[in-house]
Amino acid sequence: MVEELALADDAVAACLDAAAWALPEHELIAALDAAHRLQQRLAAVTLTLVREIDGRGTARTQGASNTAVWLRERLRLTIPAARRLIDLSTALDTANPGIRQALADGAISLDQARVIADTATTVQATAGTQAADKAASLLTEWASQFDPTHLRKLGTRILDHVAPDIADAATQAALDAEARRAARDRHLTLSEQTDGRLRLTGTLDTETAGLLRAAIDPLTAPSGPDDTRSPGQRRHDALADVCRLALRTGELPDSGGDSAQIVITTTYDGLTRQLGAGALDIGLELTPDTVRRLACDATILPAVLGGTGQVLDVGRQRRLITGPLRRALMLRDRGCAFPGCDRPPRWCAAHHIHHWADGGTTNLDNAVLLCGHHHRHVHQADWVVRLSDDGHPEFIPPAWLDPEQLPRRNHYHRRT
């Protein structure tokens, strides 16, 4: 299969150099149709490979907590996109084989295949295999006329065509299944941009959407006739107000042993002379004015760095010995340090690089943040953890995984 895919790769690469501008219109459209058909066929191959990798447990063998995380690291996918691939590969593995064949023939798109498989699963649970096969065949035929959104709407009434005697009861089952899919697909993604801002994207289920609106809608009204903020800016500011209110309540869960808090990093010179620019512990940069404003809040902790970025002080809000050290680890590692892991600091434990039981000391130079899965993995597997010359952790894989044993780092939490 690898050789055949390599040949296909070469053929596609040759098309990249073709002069599309020189094609007559009918050939241009035909080429687009052919490229789209090829894309769907490759998607069918991808789903087959994903299903096999997931079934073998390849992800855990290579140190990832699950297949979705492994796919994100390997293929540079988002977690929701990886999960959708896994779910669809599993569904097509047990669904009517005609759906997979239609995808392999390029007759339906990946999104249409997902709709057809979801609908067939719902129909099978309600009306049996024969009705499910008929529904899959009918929707596959309709896919040549309707996009995935319209196809899903048609799927909610498909039993009117394949099993009219139970259509009403099945409609409710279809709505319930849609609610379950909405719960499954819920996600929120925080994407750090190059200028320090965050882009929020995601899909909320109905209940959470109601909660969000109930929380921010009262705060989104213009504050007066002089309020020139746009509706989007008012919603942004309302979300900030809700977060500040939540932090002030003191009722948020502990974050790895520390109460919820914001840590601002600044330099020693900037602190002793005149407060300068700073950064949050999640890596976002702050202007001097913002630092001065936030420093008025009692829940803000200063983290002071020396000239080389060495942590000199991380506040004394708590008297526990591990508190300052943990906050220093959070500033340095920003989450689980294992390559490819996206777990935030609150899900992590402090791991002794040189085990405490073997005489290792409890200090910043001998500690690394690891999530529960990778903490167990490092203890059980043959990975070697060490601090590099720049003071950040790196991981040397076992020889069976990488014969050259090239050190690896986590680039998820830190800009490269």
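1. Terms and setting. Buried means under 20% relative accessible area, exposed means over 50%, and partly exposed lies in between, with a 1.4 Å probe and only protein chains counted. By this scale Leu 198 is partly exposed, because its relative accessibility is 35%. The model is predicted: local features need pLDDT of at least 70, side-chain atom pairs count only at pLDDT 80 or more, and totals for chains, interfaces and linings use all residues. Residues are numbered from 1 along each chain as its sequence is written, and side-chain values use heavy atoms, with hydrogens and water left out.

2. Overall make-up. The protein has 17 helices and eleven strands. Helices (H or I, at least four residues) and strands (E, at least two) are DSSP runs, numbered from the N terminus. Of its 416 residues, 34% count as buried. Contact means heavy atoms within 4.5 Å. Take the contacts with a separation of 6 or more: residues 24 or more positions apart account for 50% of them.

3. Surface. The protein exposes about 25200 Å², and carbon and sulfur atoms supply 55% of that area. Accessible areas come from the Shrake-Rupley method with a 1.4 Å probe; for residues, only the protein chains shown count as cover.

4. A nonpolar patch. Which residues form a nonpolar patch on the surface? They are Leu 188, Leu 190, Leu 198, Leu 200, Leu 204, Leu 212 and Leu 239, with about 600 Å² of accessible area together. Strands β1 (187-192) and β2 (198-203) each supply at least two residues of this patch. Leu 198 sits in strand β2. Patches are made of residues with over 30% relative accessible area and no salt bridge; like charges are joined within 9 Å, and nonpolar side chains (Val, Leu, Ile, Met, Phe, Trp, Tyr) within 5 Å.

5. Salt bridges. A salt bridge is a side-chain nitrogen of Lys or Arg within 4 Å of a carboxyl oxygen of Asp or Glu. How many are there by this rule? The count is 13 salt bridges.

6. Glu 52 and Arg 56 form a salt bridge, with N to O at 2.8 Å. Both residues belong to helix α2 (residues 25-56) and stand four residues apart, about one turn of the helix. An α-helix has 3.6 residues a turn, so residues three or four places apart point the same way. Glu 52 counts as partly exposed because its relative accessibility is 41%. Arg 56, at 63%, counts as exposed.

7. A bridge between distant parts. Arg 72 pairs with Asp 342 in a salt bridge, and their closest N and O atoms are 2.8 Å apart. The pair links distant parts of the chain, 270 residues apart: Arg 72 is in helix α4 (residues 67-75), and Asp 342 is in the loop between α16 (322-333) and β8 (348-352). Are these two residues buried or exposed? Both Arg 72 and Asp 342 are buried.

8. A bridge between two helices. Asp 118 and Arg 152 meet in a salt bridge at 3.4 Å, N to O. Asp 118 lies in helix α7 (residues 110-127) and Arg 152 in helix α9 (residues 148-155), so the pair ties together parts that are 34 residues apart in sequence. Asp 118 is buried, at 12% relative accessibility. Arg 152 is partly exposed, at 21%.

9. Around Arg 408. Arg 408 lies in the segment after β11 (393-396). It counts as partly exposed because its relative accessibility is 31%. Arg 408 and Ile 396 are twelve residues apart in sequence, and their C-alpha atoms are 6.2 Å apart in space. Leaving aside neighbours within four places in sequence, the contacts of Arg 408 include Trp 383, Glu 394 and Phe 395.

10. Backbone points to check. Most residues other than glycine have a negative phi. Arg 76 has a positive phi, near 60 degrees. Arg 76 is in the loop between α4 and α5 (79-94), and at 64% relative accessibility it counts as exposed. Gln 405 also has a positive phi, near 50 degrees. Gln 405 is in the segment after β11 and is partly exposed, with a relative accessible area of 35%.

11. Helix α17. Which residues of helix α17 (residues 372-380) are buried? They are His 373, His 374, His 375, His 377 and Val 378. Their cover includes α3 (58-61), β8, β9 (367-371), β10 (384-387) and β11.
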